[in-house]
Amino acid sequence: MEYNFTAIEKKWQQYWEENLTFKTPDDLSNPNKCYILDMFPYPSGAGLHVGHPEGYTATDIYSRYKRMKGFNVLHPMGWDAFGLPAEQYAIHTGTHPSVTTKNNCDTFRRQIKSLGLSYDWDREINTTDPKYFKWTQWIFIKLYNTWFDETLQKGRPVSELQVPDEIREKGDEETGKYVDSRRLAYYDNALVWWCPQCRIVCANEEVLFDGSHEKCGNKVEKKNLKQWMLRIPLYAERLLRGIDKLDWPEGIKDMQRNWIGRSTGAEVDFQIDGLNEKLRVFTTRPDTLFGATYMVIAPEHSLTVAISTPEHRKEVENYIKAASLKSDLDRTDLAKDKTGVFTGRYAINPVNNKKIPIWVADYVLTGYGTGAIMAVPAHDTRDFEFAQKFSLPIDCIQDPDVEDPQQKRRILDGEECWTEDGKYINSSSEITGIDINGLNKEAGIAKMIRWLESEGLGAEKVNYKLRDWLFSRQRYWGEPFPVIHWEDGTVSLLDEAELPLELPLMEKYMPGESGESPLANATEWLNVTDKNGRRGRRETNTMPQWAGSCWYYLRFIDPLNDEMIFDSEKERYWMPVDLYIGGAEHAVLHLLYSRFWHKVLYDLAIVSTDEPYMKLFNQGMILAFAYETENGAKVSSDMVEEREGKFYNKQTGEELRQIVAKMSKTLKNVVNPDDVTSKYGADSLRLYEMFMGPLDVTKPWDEKGVKGVFNFLQRTFRFFSNTDNIITGDEDPEILKGLHQAIKKVEGDIENLRFNTAISAMMIFLNLVTKKGKVTRDTVCSFTKILAPFAPHLAEELWEIQGHSKTLACEPWPPANEEYLREDTFEYPVSVNGKLRFKTELPLDMGKEEIAKTVLSDERAKKWIEGGTLANIIVVPGKIVNIVVKNR
RNA sequence: GCCCGGAUGGCGGAAUUGGUAGACGCGCUGGUCUCAAACACCAGUGGUAGUGAUACUGUGCCGGUUCGAUCCCGGCUCCGGGUACCA
């Protein structure tokens, strides 16, 4: 019988759909549940590319396997469908983004369904659906109405916030301000990146290092706008500590830790000479206070202008202006010289009362610490560079632990920077009484902090890199904020009953020049009046794309619930997500934001787990071959021809080099899954995606490889669908052994997401049975079952050919029987001085000494010992024998 | 610069982390089938030398630990990814 994959795949996809094979029952009685989730896609106009099915196939194999293992599996799919492309398309064509979005979703759904993925389509969600974003808005209201109790390290309703009496006495306005200052969501002026081309504000994360906008590539500028912000840093400690217990790749955990960026140190106050002001700094090295020879204040610091002396003020102001035009890269590029100007002002170093100059320099950032530093050039490379450039004193206060006397001399003379440990020198003062001379770094830090605290000059302090999350966009195609700004200056949020607040229909989607979103033009929608005639205006910002993806895994649990965000009982049953697979590009932002929301919901007792995703796995990127000339010029793939394993430019005949690159339109090396499916079938596509290599590495797509797995499936079908090959009676022991080896290998590999080697194990088994020629029906059925998660259409067909009338999707996974795997003998590799010389088969229960005796009496061993002395023989039972011969 | 990965045949990759390097697949070579080609099937395939058994060599480079190193340690080179002076 020929392998007609088109007919087979169509038939079974239809069967699964009609029989609701993969509908997840709301049966919460099965104690074994498994929630297997893909990062849901943004449905772009380009359709699916071969990178998508990589993760989807992996989770599908895992899901099908877990079902066969008796688990109640939740495996849903949906669309993260808000986003800029649909909006920009709307600007150009007037087509409403919902139309574009619907079309794109339809394409994605069709393409995904054609791969035979076992999603429960009844749970499909779409972030742009008002029934969905009603609850995104609902969560925003929760965030707004929550404050963070530092003592309990827990988010609590603002109704439980104790307003201090002295503030309450000042009246409602001050009380309101106090409460607002504690809410997790707040509305404030923020200096944000503005893209004049897109007319939108970009998050810091969206601005590329060269100061251009990630989406359009144009230069961005800074602009002050009213923005919604979320106080994620309050959860920094919880987010950091939570990482430890997660089963995530260590690299991703590191990235999250680095992003949160916890550092411990001290805040120290420096009195400003001649002014009744103090300059507070954060330092991780309070022990080096004696080496502080100057201070640096950030250009944006509120005191910068104020402390500058009249003769320096002009210069400082010019410097501030210049710094504000720089992108972060310009300020931080290591290749560039450090810049800065003197403020004319001095501060008093609290450890010795010495006067040190205060400079303003843009290598100090406002967003981190206090926006000012004490500079210790002898022991900090950045300060060292700056001090050298501006000839500021460099006082070494640590005797370096170095051997080289010349280097030691240079360091002590302040000609070289020393950032490692060493014993303190020149670190005492009779005036203030502090002395840390002779201590090392750890003891020095501890003693200095104790002293600062006792003198009231500073305190131990933990600092985080993590910043407030800018949570609004000047866009149309996003979730509207359920917020009204009233003419009296107050802000109110909609009642839950008024949700969802839908987007108004519009004719033009152009944003306003001033930085307002297109919603500012939707006058009817925009203006509201309350029952007392007070007029107000709706919030025109919309939420960022992160909003919908922050909590979608929760909605899959109960996607059609109109009464509640989800049913709590179902949430307790399904959460947390057991396996989450997606691209590493979301390693930090999506996963961190999502964890943040989840923790808030946990604190409010809306969810039952403290973390959303237990096990995370990142699939690697799929690249494609591309071609370049000898000097590196890229050549579009349709211009290339292959002759005898070499590549040539069709037109010029020039020989080209094959390289591996990201798929891109310009290189014309994008692979469309539809083309692969029509040529080889969905099962082949699935199998190849998994066979290419380990799931987590980047790897190049090679159509020849698809052919390889196609051949395997074709041979599988031909052999097992041929009834002449099926016999009755006892199975050949060798086949039985091969089968159970395969079962064991495939099972272990699926559990560890090592699909490439699982497939190779099945190939080995097929090679064995085709050589043998005949198998029993039991063997066919067992093999069909282990193949099923990988090539489900083919497996269903073979299952039916064996006379079954129902799907194998819920058949039990065949157990690997160790009895068939047991070996009595082992072919010992015998090496001499570590080099393999020959092999000899010996019983596995033979003792070490007997093995040694037998091996040494072997003629081949004698040959290698001859002419030398036998020094030792190492026997590792079941592994290897090594003969050590000397003087040979 | 810093952090995290990685480097294994002509190619994608195996080796259940100290114990037979190169599983499986692609490609290539030879053969069977065919008028012929494609498909399919069978055999071979790291390199060098040899008809051959076999020997030497071989996991980016240099060194070390070990009976034994792709795996551990020290020092480099190159390639990916992340990050941007975080005090």
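Which residue lies over the face of tyrosine 186, and at what distance from the ring centre? Arginine 231 does, at 3.9 Å from the ring centre, where a charge sits over a ring if NZ of Lys or CZ of Arg is within 6 Å of the ring centre and within 35 degrees of the ring normal. This is a predicted model, in which local features need pLDDT of at least 70 and side-chain atom pairs count only at pLDDT 80 or more, while totals for chains, interfaces and linings use all residues. Residues are numbered from 1 along each chain as its sequence is written, chains are lettered from A and ligands numbered from 1 in the order in which they are written, and side-chain values use heavy atoms, with hydrogens and water left out.

**Overall make-up**
- Chain A contains 30 helices and 37 strands, taken as DSSP runs numbered from the N terminus (helices H or I, at least four residues; strands E, at least two).
- Along the principal axes, the C-alpha atoms of chain A fill a box of roughly 100 × 90 × 65 Å.
- Of its 888 residues, 54% count as buried, that is, under 20% relative accessible area with a 1.4 Å probe and protein chains only.

**Aromatic rings**
- The structure holds 52 aromatic pairs, counted for rings of Phe, Tyr and Trp (its six-membered ring) whose centres lie within 6.5 Å, with planes under 30 degrees apart called stacked, over 60 edge-to-face and the rest tilted.
- Tyrosine 573 and tryptophan 574 have ring centres 4.8 Å apart and planes at 80 degrees, so the pair is edge-to-face, and both residues are buried.
- Tyrosine 580 and tyrosine 613 are stacked, because their ring centres are 4.2 Å apart and their planes are at 20 degrees.
- Tyrosine 580 belongs to strand E24 (residues 579-583) and tyrosine 613 to the loop between helix H20 (589-603) and strand E25 (616-619), so this pair ties together parts that are 33 residues apart in sequence.
- Tyrosine 580 is buried at a relative accessible area of 0%, and tyrosine 613 is likewise buried at 0%.
- Arginine 64 lies over the face of tryptophan 16, at 4.7 Å from the ring centre.

**Packing of H21 and H22**
- The axes of helix H21 (residues 673-680) and helix H22 (residues 682-691), as lines fitted to C-alpha atoms over the stretch in contact, come within 7 Å and cross at roughly 120 degrees.
- In H21, Pro673, Val676, Thr677 and Tyr680 meet Ala682, Ser684 and Leu685 of H22, contact meaning heavy atoms within 4.5 Å.

Key. Axes are lines fitted to C-alpha atoms, for helices over the stretch in contact, and angles run from 0 to 180 degrees between N-to-C directions. Buried means under 20% relative accessible area, exposed over 50%, partly exposed in between (1.4 Å probe, protein chains only).
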